[in-house]
Amino acid sequence: ALAVACAWALPAGLPCGLAGAAAMLFASGALVAGVFAVAAHGAPAEQRSRAGSLYAADLLGGCVGLLGAGLCVIPALGLAAAAIAAAVAAITALVFV
């Protein structure tokens, strides 16, 4: 939903400002924390091994996504089209996961 909101706001030229950016970052962080908590849910002995692997995968995915978006996708498509592509990717991931 957050990716869709960004994809809608960017082409419309809506001013977000610092407060809007902070709200989107807060919402994104809260959603990632919720997904992390659900994914690591299990017996206490399993949580330690799961948490480390999940955190490493989260960091690696963030680094790859940042480099891919910043160096390839945004320069090729532009910011608005890249936001739409991110929204489509997020919705596709929700459907298949």
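This is a predicted model: local features need pLDDT of at least 70, side-chain atom pairs count only at pLDDT 80 or more; totals for chains, interfaces and linings use all residues.
**Reading a pocket and a patch**

Reader: Which residues line the second largest pocket?

Author: The lining consists of Val32, Val35, Phe36, Ala39, Leu54, Ala57 and Asp58. Two elements, α2 (17-39) and α3 (44-77), each give two or more residues to that lining.

Reader: Which element gives the most to the lining?

Author: Helix α2 does, with four residues.

Reader: Let us step back to the fold. How many helices and strands are there?

Author: The protein has four helices and zero strands. From the N terminus on, the order is α-α-α-α.

Reader: What share of the residues counts as buried?

Author: Of the 97 residues, 7% count as buried.

Reader: Now the surface. Which residues form a nonpolar patch there?

Author: Ile91, Val95 and Phe96 form one. Together they have about 360 Å² of accessible area.

Reader: Take Val95. Is Val95 buried or exposed?

Author: Exposed means over 50% relative accessible area. Val95 has 60%, so Val95 counts as exposed. Val95 lies in helix α4, residues 79-96.

Reader: And Val73? Where is Val73 found, and what is its relative accessible area?

Author: Val73 is found in helix α3. The class between the cut-offs, 20% and 50%, is partly exposed. Val73 has a relative accessible area of 33%, so Val73 is partly exposed.

Reader: What separates the C-alpha atoms of Val73 and Ala86?

Author: Along the chain, Val73 and Ala86 are 13 residues apart.

Terms used:
Residues are numbered from 1 along each chain as its sequence is written. Side-chain values use heavy atoms; hydrogens and water are left out. On a 1 Å grid over the protein atoms alone, a cavity is a set of points where a 1.4 Å probe fits but cannot get out, and a pocket is an open set with protein on both sides within 12 Å along at least five of seven lines; lining residues have an atom within 4 Å of a point. Patches are made of residues with over 30% relative accessible area and no salt bridge: like charges are joined within 9 Å, nonpolar side chains (Val, Leu, Ile, Met, Phe, Trp, Tyr) within 5 Å. Accessible areas come from the Shrake-Rupley method with a 1.4 Å probe; for residues, only the protein chains shown count as cover. A salt bridge is a side-chain nitrogen of Lys or Arg within 4 Å of a carboxyl oxygen of Asp or Glu. Buried means under 20% relative accessible area, exposed over 50%, partly exposed in between (1.4 Å probe, protein chains only).
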